[in-house]
Amino acid sequence: MYTIYDYLKLYKDKNLNEVPWNMMDYLLCSLIVYIPMGSFMGSKTFDEICNLISSFNIPKHTEFISYKVKELINIVKGSTRYKKLRIKNFENIVNESTQFGAMTCIIDNTKIIVFKGTDRSIIGWIENIRLMYEYPTFTQALAIRYLKNNIGLFDKDVHVIGHSKGGNMAMSSVMELGDFKFNKVKKVINFDGPGFKKNEYESPKYMKMSEKLINIVPSNSYIGTLMFNKNYQSIKTSAHAINVHYPIYWNTDGTEFVYEKLSKLSEELHIRTTKNIQDVNEQIIKAYFETAFSNIKKKGSHIGFNINEFIDIIKGMSKLDKSTYDYVNSFFKSLIKLSNKE
């Protein structure tokens with residue numbers, strides 16, 4: 001079955017008149033933002049970005065997505081299709097408070113604002129867990145600010161996208177736009193990013209945003225079916241376990257994904273993290289996890305991801321009441337599966 005690798009090899013020298021911009025091109029943008037490049041303001045050409053990325057030594061084991069993105073970049077370097085693409089206002093931040101990434105792509109009269117998913121920093125995973133009990137998280141707040149700052153007065157065709165946590169930030173940032181800038185946004189694309197708490201999901205701002213929303217998940221998704229969201233478009237993937245989350249394995253047929261029914265396991269995960277949610281006490285969850293996170297930070301381990309630290313947190317969850325434990329356990333198991341390679 002074909003993947004984005006095959007798409008890029010086949011269409012890299014087709015201009016936009018021959019083959020219009022499509023979901024595979026959005027997907028490429030959602031992956032480029034993972035490159036561990038320093039932040040920069042202003043604009044660079046696609047060729048300049050390719051040359052920078054080609055010079056990076058990216059270890060496969062610790063930077064798996066970035067390593068694969070470099071392979072994709074090497075395919076399209078110097079291509080006709082992306083020659084006019086420009087990338088501006090690239091942000092890549094990792095510190096004790098946040099793991100955040102974003103960039104703005106310009107192609108003809110279209111502006112594509114892209115948010116980065118989670119890397120292997122422990123603060124990135126802490127931010128994922130905070131989605132259970134906090135809105136907006138610190139990282140969501142950064143995304144909201146970035147989007148507001150990067151939609152210009154004269155923009156007319158803005159698309160906001162992201163993969164994994166980046167997909168959640170794409171949705172949440174559009175939800176918080178005022179009417180003037182909201183009306184400039186034509187599409188919101190979430191590539192297998194988690195949903196929201198019930199309060200946000202049932203809010204008028206979510207309903208308004210969802211009219212522009214395209215939710216793409218692999219048919220056996222562990223992440224995109226977490227929490228409250230809707231209108232899933234499930235696609236076939238040639239991968240298993242953790243790798244289903246990586247878009248490089250998603251199946252394509254030319255310019256479109258290959259769709260298939262959402263798996264029963266993914267449906268169960270969605271139900272388990274949304275059913276009886278009224279019995280869950282968010283403040284109890286917050287108090288428990290923030291205490292655990294403080295202990296992790298005291299060890300000075302906020303940069304490198306260590307699965308053993310999260311296993312220790314899970315062992316302490318027996319103190320939670322049953323309904324809260326069941327909810328948290330479902331959420332947590334998904335993150336653990338995502339953190340372990342086959």
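**Basis.** I worked from a predicted model, in which local features need pLDDT of at least 70, side-chain atom pairs count only at pLDDT 80 or more, and totals for chains, interfaces and linings use all residues. Residues are numbered from 1 along each chain as its sequence is written, and side-chain values use heavy atoms, with hydrogens and water left out.

**Search.** I looked for salt bridges (a side-chain nitrogen of Lys or Arg within 4 Å of a carboxyl oxygen of Asp or Glu). I searched the whole structure and got 13 of them.

**K68 and E71.** I found this pair joined by a salt bridge, at 3.6 Å from N to O. K68 and E71 sit three residues apart in helix α4 (residues 64-76), which puts about one helical turn between them. I took helices (H or I, at least four residues) and strands (E, at least two) as DSSP runs, numbered from the N terminus. I then checked burial, where buried means under 20% relative accessible area, exposed over 50%, and partly exposed in between (1.4 Å probe, protein chains only). K68 is buried at 13%, and E71 is partly exposed at 28%.

**K84 and D108.** The closest N and O atoms of this salt bridge are 2.9 Å apart. K84 is in the loop between α4 and β2 (86-94) and D108 in the loop between β3 (99-107) and β4 (110-115), so the bridge ties together parts 24 residues apart in sequence. I noted K84 as exposed at 57% and D108 as partly exposed at 45%.

**E200 and K197.** I read 3.1 Å, N to O, for this salt bridge. Both residues, E200 and K197, are buried.

**Network.** I also noted E127, R130 and E290, which salt bridges with shared partners join into one network.
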